[in-house]
Amino acid sequence: MTTITQNLPWFVKDLGVSIVGQKCYSSIVEHLDFSDVECLKYSLSKGLGLGIVVGGSIMKVPQLLLIVSARSARGLSLIAYVLETLAYAITTAYSYHNEFPFSTYGENFFLTIQNIVITLLIVHYNPPASLAARSTVQRTVLSAQAVIAFTVALVLAPASILAILQVATLPLSLFSKLPQIRQNHRAQSTGQLSAFAVISQVGGCLARLFTTATEVGDPILTAGFALALALNVVLGAQMWAYWGKDEKDELEMGPIGVAAEKKDVTDWSSPPSHRVEVVVPPASPNGRNSPRPSSRRWSRKVD
């Protein structure tokens, strides 16, 4: 078997070395030394990291499709998505400035972009009260200006400021999920919240705890992923508890999303009420009421 693994094509070897390094590639792949625990953990961490990055690049796509197809962002909290986007963006900038491997934070970059699009869709379909009076173009321009300003600030921020901001992502993660959890609880429904996104985030946080401990060892990042895992588990529990209630709500709504008008239908199953009916005889052609017909017959007298 080692004869095959030691003579793999050059592009396969180069790819493997670029992922796990020359030492671990030679130990795990070429010599099949599975007793090398350190290289096994490192290779597993790299594999999980790359899988999370790939999954993160499409994690919020089902959520985007749900919003666009329904033409509504019902059930999604704007504040929650704004805070979550800030946390993702700060983590991306902090990890990049510290030259961490891209496999340890790459999904945050893709999630930031997807969250920005979702936030813009929420502002478009369900604008807050402060923006409801503005036109669609004005809302889009204001949102784009806010995104550009914050991006420039993160790019120009020094490492010391980014470290403080990374610590701030802990309460940001907490407050980004609490509005969504609270809204789900009050509505007893998760609305357009994507089950795929929630489940993927739970799995991603679990894997990130392992990859961060193996490759980075940053306690701030570890605490952030642990908190995010706990909050995503709560969202997952809400989706399980409220599953199927959205369909019931849709059946009770009209075709344009409002309650259908109740028709005036007589309920014949209930006992009739005591009513007195008055019958008015039709008027005669000369305007006078027709005399009540008598049961006695009349005949013309003939002289």
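**The disulfide and its surroundings**

A: Cysteine 24 and cysteine 39 form a disulfide, with their sulfur atoms 2.3 Å apart; the term stands for a pair of cysteine sulfur atoms within 2.5 Å. This is a predicted model, where local features need pLDDT of at least 70, side-chain atom pairs count only at pLDDT 80 or more, and totals for chains, interfaces and linings use all residues. Residues are numbered from 1 along each chain as its sequence is written, and side-chain values use heavy atoms, with hydrogens and water left out.

The link joins distant parts of the chain: cysteine 24 sits in helix 2 and cysteine 39 in helix 3 (residues 37-56), 15 residues apart. Helices here are DSSP runs of H or I, at least four residues long, numbered from the N terminus. The angle about the S-S bond is -80°, and the link of cysteine 24 and cysteine 39 is left-handed. A search of the whole structure finds one disulfide.

Both cysteine 24 and cysteine 39 are buried. Buried means under 20% relative accessible area, exposed over 50%, and partly exposed in between (1.4 Å probe, protein chains only). Cysteine 205 is also buried, because its relative accessible area is 9%.

Helix 2 (residues 10-30) also reaches a nonpolar surface patch, giving three residues, the largest share. The patch covers about 690 Å² and is made by Met1, Ile4, Leu8, Trp10, Phe11 and Val12. Such patches take residues with over 30% relative accessible area and no salt bridge; nonpolar side chains (Val, Leu, Ile, Met, Phe, Trp, Tyr) are joined within 5 Å, like charges within 9 Å. A salt bridge is a side-chain nitrogen of Lys or Arg within 4 Å of a carboxyl oxygen of Asp or Glu. Areas come from the Shrake-Rupley method with a 1.4 Å probe. Methionine 1 lies in the segment before helix 1 (2-5). Methionine 1 counts as exposed because its relative accessible area is 68%.

Glutamine 63 is in helix 4 (residues 61-70). Its relative accessible area is 0%, so glutamine 63 is buried. Leaving out residues up to four places away in sequence, glutamine 63 touches Leu76, Tyr81, Ile118, Gln192, Leu193 and Ser194; contact means heavy atoms within 4.5 Å.

Threonine 212 belongs to helix 10 (residues 195-216). It is buried because its relative accessibility is 1%. Beyond four places in sequence, threonine 212 touches Gly217, Asp218, Leu221, Thr222 and Phe225. A polar atom of the threonine 212 side chain lies 2.7 Å from the backbone oxygen of arginine 208.

Conventions
Helix = DSSP H or I, 4+ residues; strand = E, 2+ residues; numbered from the N terminus. Polar contact = N/O pair within 3.5 Å; in protein donor to acceptor, adjacent residues only side chain to side chain.
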